Amino acid sequence: MAQFRIRQYRDEDYEVVRTLYACGIMEHVPAVYRHFLRSWQAQLGLLGLVAVVRAAAGGWVPALGAAALALLGTWLLVRSFVAAYVRDGLGTDLRNIRAAYLRAPGSGFWVAEAGGAVVGTVAAVPAPEPAALELKRMSVRREQRGRGVARALAREVLGFARARGYGAVVLETSMVQVAAQRLYEGQGFRKVGAFSPSLLGRLLCVQMLRYRCELPAAPGAPLAPPGRPADPAQ
């Protein structure tokens, strides 16, 4: 039996939701850093730097020192890139959660609660593409992972979409979030594309993956017209 429950966001959840989001995203800094260092671009650049400095300085100590500085600089660059992503989220939809998700038609924001504390979040808004809902802001506290919280949150969004006549749910996640990819694929999502979020993201070999889950029409559910969801109250 699950030791948590899913409920709609309340205003008193504001600070913990923002903290949960920020901490969850910043956790990926080491994974993004390792991913970049495994790329041929990073390895070729590091080898080239070592070779040039060794030839110019005539020894291995300066060359290895230059490599260490390059690794440190890369770590700081990756951390800055991820932190900028967090600031963007906190400064846009998560700045006014009620306006972005609870007042907007066809949208929603839910939290998972365990022991009286918020341990997970997920949101949904109409996607730019016709008759599709976008799953956003999925995050689960580290110590609560592996207990089915994320799966329950994903199913909440899928149920919300079906009840309102959406034809599909779409989402984006990063290439380093392997556990999230497995979760979504287990719920029927399929990868449909990939893109770099920015020029710096491209330089760091960061890709965002697009996923889509097609939804069968629920019996008696109104069909969402292109560009907006159906209103079940109509």
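User: How many bridges join β3 to β4, and do these strands run parallel or antiparallel?

Analyst: β3 and β4 are joined by 6 bridges and run antiparallel. Two strands pair if DSSP finds at least two bridges between them, so the 6 bridges make β3 and β4 a pair. The model is predicted, so local features need pLDDT of at least 70 and side-chain atom pairs pLDDT 80 or more, while totals for chains, interfaces and linings use all residues. Residues are numbered from 1 along each chain as its sequence is written, and side-chain values use heavy atoms, without hydrogens or water.

User: What makes β3 and β4 a hairpin, and which residue in the turn has a positive phi?

Analyst: β3 and β4 form the hairpin with 5 residues between them. In the turn, Ala131 has a positive phi of about 55°. Within the pair, Val125 stands opposite Glu134 in β4.

User: How many bridges join β4 to strand β5, and do these run parallel or antiparallel?

Analyst: 3 bridges join β4 to β5 (residues 168-174), and these two run parallel. With at least two bridges required, the 3 bridges make β4 and β5 a pair as well. The bridge partner of Glu134 in β5 is Val170.

User: Why is strand β4 called largely enclosed by the rest of the structure?

Analyst: A residue is buried under 20% relative accessible area, exposed over 50% and partly exposed in between (1.4 Å probe, protein chains only). In β4 (residues 132-140), 7 of the 9 residues are buried, so the strand is largely enclosed by the rest of the structure. Across the chain, 43% of the 234 residues count as buried.

User: What makes the pair Arg5 and Glu113 a salt bridge?

Analyst: A salt bridge requires a side-chain nitrogen of Lys or Arg within 4 Å of a carboxyl oxygen of Asp or Glu. The N to O value for Arg5 and Glu113 is 2.8 Å, so the pair meets the criterion. It links distant parts of the chain, with Arg5 in strand β1 (residues 5-8) and Glu113 in strand β2, 108 residues apart. Arg5 has a relative accessible area of 40% and is therefore partly exposed, whereas Glu113, at 13%, counts as buried.

User: How do you know that Glu129 and Arg212 tie together separate parts of the sequence?

Analyst: The closest N and O atoms of Glu129 and Arg212 are 2.3 Å apart, and the pair forms a salt bridge. Glu129 lies in the loop between β3 and β4, and Arg212 in strand β7 (residues 208-214), so the pair ties together parts that are 83 residues apart in sequence. Glu129 has a relative accessible area of 32% and Arg212 one of 21%; both values fall between the limits of 20% and 50%, so both residues are partly exposed. Salt bridges that share partners also join Arg5, Arg7, Asp13 and Glu113 into one network.

User: Which residue forms a salt bridge with Arg145?

Analyst: The partner of Arg145 is Glu27, with the closest N and O atoms 2.9 Å apart. Arg145 is in the loop between β4 and α6 (149-163) and Glu27 in the loop between α1 and α2, 118 residues apart. Arg145 is partly exposed at 40% relative accessibility, and Glu27 is partly exposed at 26%. In the whole structure, a search finds 11 salt bridges.

User: Which residues have the most contacts inside the largest nonpolar core?

Analyst: They are Val78, Ile97 and Phe109, in a core of 29 residues. α1 (14-26), α2 (29-37), α4, α5 (97-102), β2 (108-114) and β3 (117-126) each supply at least two of its residues. A second, separate core has 27 residues, including Phe4, Ala114, Val122 and Leu158. A nonpolar core is a set of buried Ala, Val, Leu, Ile, Met, Phe, Trp, Tyr and Cys residues joined through side-chain atoms within 4.5 Å.

User: How many helices and strands does the chain have?

Analyst: The chain has 8 helices and 7 strands. These are DSSP runs numbered from the N terminus: helices are H or I of at least four residues, strands E of at least two.
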